[in-house]
Amino acid sequence: MKKLTLFYFLAVLMFLTSCSGINTQKIHEDFEVHTLYSNISNVHLVRYYDSYFLVDAGIEGEEVRIENQLAALGVNGKDLKFILLTHGHTDHAGTSKYFKETYGIPIIVGEGDLPMLLSGKNDSLCATSFLGEITRLFVPAQYPPVEPDVVVSESINLKNYGVDGTIIPMKDHTEGSLILVLEKTAFVGDLLRGKAMAKNTPALIFYQCNLEENQKNVIKTLLFNCDMWFTGHFGPLKTSRIQSWLESKPYN
Ligand SMILES: [Zn+2]
């Protein structure tokens with residue numbers, strides 16, 4: 001058993017360290033998503049007409065890597081209109097204090113995740129698979145606490161930031177999880193993920209304490225008729241793949 005665990009550990013480690021980089025999806029002329037893959041979670045740099053913003057902020061210690069990737073794309077931290085945290089876990093909110101303090105970027109988060117942001121610590125993580133147990137080893141225990149600028153308790157539009165998209169609370173993975181729907185594209189954080197070895201294939205997120213609510217939220221998100229979902233881990237996922245994945249009854 002020990003040997004098997006070690007094998008999985010090494011396989012996941014080798015895979016994770018091989019998938020750093022930038023993946024660009026051009027939705028249309030004025031809408032691009034640059035996914036800054038890291039060893040553990042995604043940071044999405046979105047260009048929407050003249051506005052740039054981030055969806056999620058990675059783990060503490062990735063500040064310079066993110067800055068370098070932004071620079072490679074011709075973007076400075078000062079250009080960012082806001083950082084939307086899909087939720088407050090350590091692998092999604094880790095650099096937010098740095099970016100807020102260095103560049104004055106407003107941080108947006110769901111109300112239910114305020115305690116995590118203010119303490120810099122995760123809530124309980126219920127692993128949905130053996131891989132979830134393994135990835136637990138990579139999830140940092142804490143990050144620098146940060147006071148957010150916008151706390152979301154109900155759906156809001158981001159027009160004030162030059163982005164005609166809607167943030168929708170989607171409580172399941174955490175109390176304050178949020179998704180963003182922008183035209184026919186959704187940013188769903190840890191609502192779902194891509195598979196480690198086939199990143200465009202949907203899979204249950206590593207940690208989910210409320211699978212019933214999660215299933216309802218996936219179905220609810222499908223009603224927004226988006227073409228593509230950008231996830232917090234691996235991805236992106238085409239909606240058609242999510243529909244066939246649901247038909248395979250992954251929650252049973
Ligand atoms: Zn998470």
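Two bridges join strands β8 and β9, which run antiparallel; two strands pair here if DSSP finds at least two bridges between them. The strands and helices themselves are DSSP runs, numbered from the N terminus, with at least two residues (E) for a strand and at least four (H or I) for a helix. All of this comes from a predicted model, in which local features need pLDDT of at least 70 and side-chain atom pairs count only at pLDDT 80 or more, while totals for chains, interfaces and linings use all residues. Residues are numbered from 1 along each chain as its sequence is written, and side-chain values use heavy atoms, with hydrogens and water left out.

Back to the strands. N157 has T166 in β9 as its bridge partner, and T166 in turn is partnered with V181 in β10. Next along, I167 has its bridge partner in L180 of β10. Taken as a whole, β9 (residues 166-169) and β10 (residues 178-182) pair in the antiparallel sense over four bridges. These strands belong to an open sheet of six, in the order β8-β9-β10-β11-β14-β15, and the pairing is mixed. At the edges stand β8 (156-157) and β15 (237-238), each with a single partner strand, so one side of each has no neighbour in the sheet. Helix α7 (residues 211-222) packs on this sheet and touches β9, β10, β11 and β14 (228-231); touching, or contact, means heavy atoms within 4.5 Å. The direction of α7 makes about 135 degrees with that of β14, where axes are lines fitted to C-alpha atoms, for helices over the stretch in contact, and angles run from 0 to 180 degrees between N-to-C directions.

Strand β3 (residues 43-48) pairs with β4 in the antiparallel sense over five bridges, and Y48 stands opposite S51 in β4. The two form a hairpin with two residues between them, and Y49 in the turn has a positive phi of about 50 degrees. β4 also runs parallel to β5, joined by three bridges, with L80 in β5 as the bridge partner of Y52. Four of the five residues of β4 (residues 51-55) are buried, so the strand is largely enclosed by the rest of the structure. Buried means under 20% relative accessible area, exposed over 50%, and partly exposed in between (1.4 Å probe, protein chains only).

Then there is the metal. The zinc ion is coordinated by H87 (NE2), H89 (ND1), H173 (NE2) and D190 (OD), at 2.1 to 2.3 Å. Donors are N, O and S atoms within 2.8 Å of the metal (3.2 Å for Na, K and Ca), and since water is not among the atoms, sites may look incomplete. Along the chain, the donors follow the spacing H-x1-H-x83-H-x16-D. H89 lies in the loop between β5 (80-84) and α3, and D190 in the loop between β11 (185-189) and β12 (193-194), so this pair ties together parts that are 101 residues apart in sequence. Both H89 and D190 are buried.

Finally, T95 sits in the loop between α3 (90-93) and α4 (96-103). With 0% relative accessibility, T95 counts as buried. Leaving aside residues up to four places away in sequence, T95 touches A57, G58, I59, E60, E62, E63 and I66.
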